[in-house]
Amino acid sequence: MTRASEARGARRAEPLAGLVWPMARGAEALEALARSAGLPLPRTRAKVVGQAPTDPNRLGEWLDAAAQSQGLELDLAYTRHGEVEKALLRASPALLDVVTSEGVQVAALLRVSASGRTARVIAPDETERDVPLAWLTSGVQALVEGTQASTVDRVLSRAAMPEPQRLLARRALLGAQLANTHLVASRTLRLPPGARLVHHLKALSTAPRLALVLVLAVLIQVCVLSAWWLIGRGAFEGQLDHGWLWAWALMGLTAVPLQAALAWTQGSLALDLSALLRRRLLAGALAMPVDEAKRGGIGEYVGRTFESAGMEQMALAGSFTSLLAVVDLTLAGSVTLSGPAGMLGLAALGGYCVLLGVLVARQSLLFRGWTEARVVMTHALIERMLGHRTRLAQEQPSRWHEEEDQELARYSDASERWDAGTARVTTLARRGLLPVAIIAILPGVLAGADTASIAVGVGAALLGARAVMSLAVGALALIGSRVLFSAVRPMLDAARLSGAVGGGEDAAPQVTPLAATEAPSRSQALLEVRDVYFKHPASPRAVLEGASVVIHPGERVLLEGASGSGKSTLASILTGLRRQGSGVVLLRGLDMSTWTQDGWGAQIAGAPQFHENHIISGTLAMNLLLGRAWPHTQDDVKLARELCEELGLGELLQRMPAGILQMVGERGWQLSHGEQSRIFVARALLQRVQVVVLDEAFGALDPVTMRKVMACVEARAPTLIVIAHP
């Protein structure tokens, strides 16, 4: 962005003067926003280490690090230039990058009004001010207007339009020019997925919303029982006048809006809890240790993903269904006790529930067997799909379906047992209680109970029958979710542990925001490894014992060793993919637990071995710039293209119809082994890190290409570690 365009953008956002924070005080703005939004902050707040970087491309990383130091996270909301206002309507609380006369500054957006016209921001003096949302929208849009704004201003200056029409024309022209230009509209402040569950539930206002669900459920059943009392009294006494009918109709109509409110409250709460659970599962999947994730193979990992979706649906549906059923059952029991059935009816209701409980408990064993058969079949199917070419070449076609048939037979048998048991439980729950309840009422009827009491007793019997049916369905869903929980528990544990950084649950995370990007002096150690010991969980012996190395800035280090000597394991420890069993690994004098979650990866990056690296379905530019912020700038794309030329990929770019924007991967352009290897190297070099670790990255290259690649790596890697066979 040129200075002239920045100044023009600043004039439009000038009303924000005094309401926005300097970027250097971004961490203070973040803390003030969290405090005003009611988000939990650690009791002992971590000191933010390091000042705001001068490089605007690293401001986002610094703000992310500052959020992590306070036990929070920033969720980036990407949108198009013309849709910034829509994005801001659902962004709060959030930090916004806006352009003012002082350059790029931070606005702390607390909330947007219900009308969507005004927004409440927190000023640098920590007072809350209301401003038009259009001011914030213009300030955010100015981030990408750049030279387009100057061109539009020159065109409009010749049009001699009055100011109101000129402003509208300017917005329309900029919107047309930048319609497909993406930008970061906001950085929404929220709890990280691994934060304490009680904090997440408090942020979602779970307790009052759940209390509202219970109150609405009770009111609905009160209306239903009252309607039965009214219609029953009139029917049994033979005096059903218009007054009783109007009262009965009023009770029924009152239940309709209550039912709608219950469905809305329950549905919105279920959606929020489902989103929370999915976030925790995703965070746990990403935070799982490498060895844990790879232990069962890709088939088991995909199976866990399928099970997580089933567990989420069963847990939420079963919880709400069971909760409402318990409310109905409690009301039915209390009314039954006071009605003609008395203790006999209550005993019949309780005994029936116990019988169903025994049958439901037995179903858990059947569901576990059915789930295990399904997971085994899913795992085997995926593994065979991945190894299909190997089977074509090495396995006789006549034997392809032997194991599949056996697995399918086991699954069919387990499914049949589960379905039969479920049918017994649901049939007994749906049809068994009502006759028992009616029989329990008969002694009271024969003893001369009044007609209103008999009507309420019949209503209580119907309510109890429906409650037992709902309770059985909910219980079946809950036992299913409990069985599936064992499959996804490693993910949830990984998410919880990823947020448990610090001395206690309320302590500040011991993290350090990003330090300066320049490397320390050559006399200081950049990377230190001291007496590192590592053993894989299933291995009888250690892979690394007493490994030590000291690397200074600018050094080129070659690690050689036989297969299985621990070279790749050491590389994964250095890049943060694994935690060492014991010993010390220091980067800039700080160990891994002292850095932010992303801070370590912002300083050291690597290209793993070919079988552990992947080309993602997307554009070649996206594959090259995975380590950089999105949307990619023109400078990023230009640098990626230059690096491809240096690595000998220029002919590849010329063959591609869309050049560096060509789709590659599974459904895109097919890349050779050597081309993929060079893309992996380029991806590591483009991450703006201080240390580059290349693990057997040159095995697929011919000697001429390898010399060209090595020359590029030597010139561009600040500090280099190359792992190779001797």
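This is a predicted model: local features need pLDDT of at least 70, side-chain atom pairs count only at pLDDT 80 or more; totals for chains, interfaces and linings use all residues.

**Entry: overall counts**

I took the whole chain to begin with. The protein chain has 726 residues, and 44% of them count as buried. I find 22 helices and 16 strands in it. The accessible surface comes to about 36400 Å², with 59% of that belonging to carbon and sulfur atoms. I also looked at sequence separation: of the contacts between residues at least 6 apart in sequence, 75% join residues at least 24 apart.

**Entry: aromatic pairs**

How many aromatic pairs does the structure hold? I get 5. Buried or exposed, F367 and W418? Both F367 and W418 are buried.

Next I went to F610 and F680. Their ring centres are 5.8 Å apart and the planes stand at 55°, so I log the pair as tilted. F610 is in the loop between β12 and β13 (618-619), whereas F680 is in helix α21, so the pair ties together parts 70 residues apart in sequence. F610 has a relative accessible area of 29%, which makes it partly exposed. F680 has 4%, so I note it as buried.

Back to the W418 neighbourhood for one more look: F367, W370, Y411 and W418 form one aromatic cluster.

**Entry: the cores**

A general reminder to myself: in soluble globular proteins, nonpolar side chains tend to be buried together. Which residues have the most contacts inside the largest nonpolar core? L624 and L694 do, in a core of 38 residues. I listed the elements that give two or more residues to this core: β12 (604-607), α18 (620-624), α19 (634-646), α20 (650-655), α21 (673-685), β15 (691-695), α22 (703-716) and β16 (719-724). α21 gives the most, with 6 residues.

I then clicked on L624 and left aside its neighbours within four places in sequence. What remains in contact with L624 is A640, C644, I660, I679, A682, R683 and L686. There is also a second, separate core of 32 residues, and its members include L277, A285, M288 and A429.

**Entry: α19**

α19 was next on my list, with its length first. Its 13 residues should span 18 Å at 1.5 Å a residue, and I find its end C-alpha atoms 19 Å apart, which agrees. Which residues of α19 are buried? I wrote down D636, V637, A640, L643 and C644. Looking down the axis of α19, I see these buried residues within an arc of 125°, so they line one face of the helix. On the other side of α19, Q634 and D635 are exposed. I asked what covers the buried residues of α19, and the cover includes α18, α20, α21 and α22. Following α19 I came to G648, whose phi is positive, near 80°.

**Entry: α6**

I ran the same checks on helix α6 (residues 163-177). It has 15 residues and reaches 21 Å from its first C-alpha to its last, close to the 21 Å expected at 1.5 Å a residue. The buried residues of α6 are A169, R170 and L174. They cover an arc of only 130° around the axis, which puts them on the same side of α6. On the other side of α6, I noted P164, L168, A172 and A176 as exposed.

**Entry: L258**

Last stop, L258, in helix α9 (residues 242-287). Its relative accessibility is 17%, so L258 counts as buried. Leaving aside its neighbours within four places in sequence, I find L258 in contact with L216, L219, I220 and C223. I checked L219 in particular: L258 and L219 are 39 residues apart in sequence and 7.6 Å apart in space, C-alpha to C-alpha.

Definitions and conventions
Residues are numbered from 1 along each chain as its sequence is written. Side-chain values use heavy atoms; hydrogens and water are left out. A nonpolar core is a set of buried Ala, Val, Leu, Ile, Met, Phe, Trp, Tyr and Cys residues joined through side-chain atoms within 4.5 Å. Buried means under 20% relative accessible area, exposed over 50%, partly exposed in between (1.4 Å probe, protein chains only). Helices (H or I, at least four residues) and strands (E, at least two) are DSSP runs, numbered from the N terminus. Contact means heavy atoms within 4.5 Å. The expected span of a helix is 1.5 Å times one less than its number of residues. The arc is that of the directions from the helix axis to the C-beta atoms. Accessible areas come from the Shrake-Rupley method with a 1.4 Å probe; for residues, only the protein chains shown count as cover. Rings of Phe, Tyr and Trp (its six-membered ring) pair if their centres lie within 6.5 Å; planes under 30 degrees apart count as stacked, over 60 as edge-to-face and the rest as tilted.
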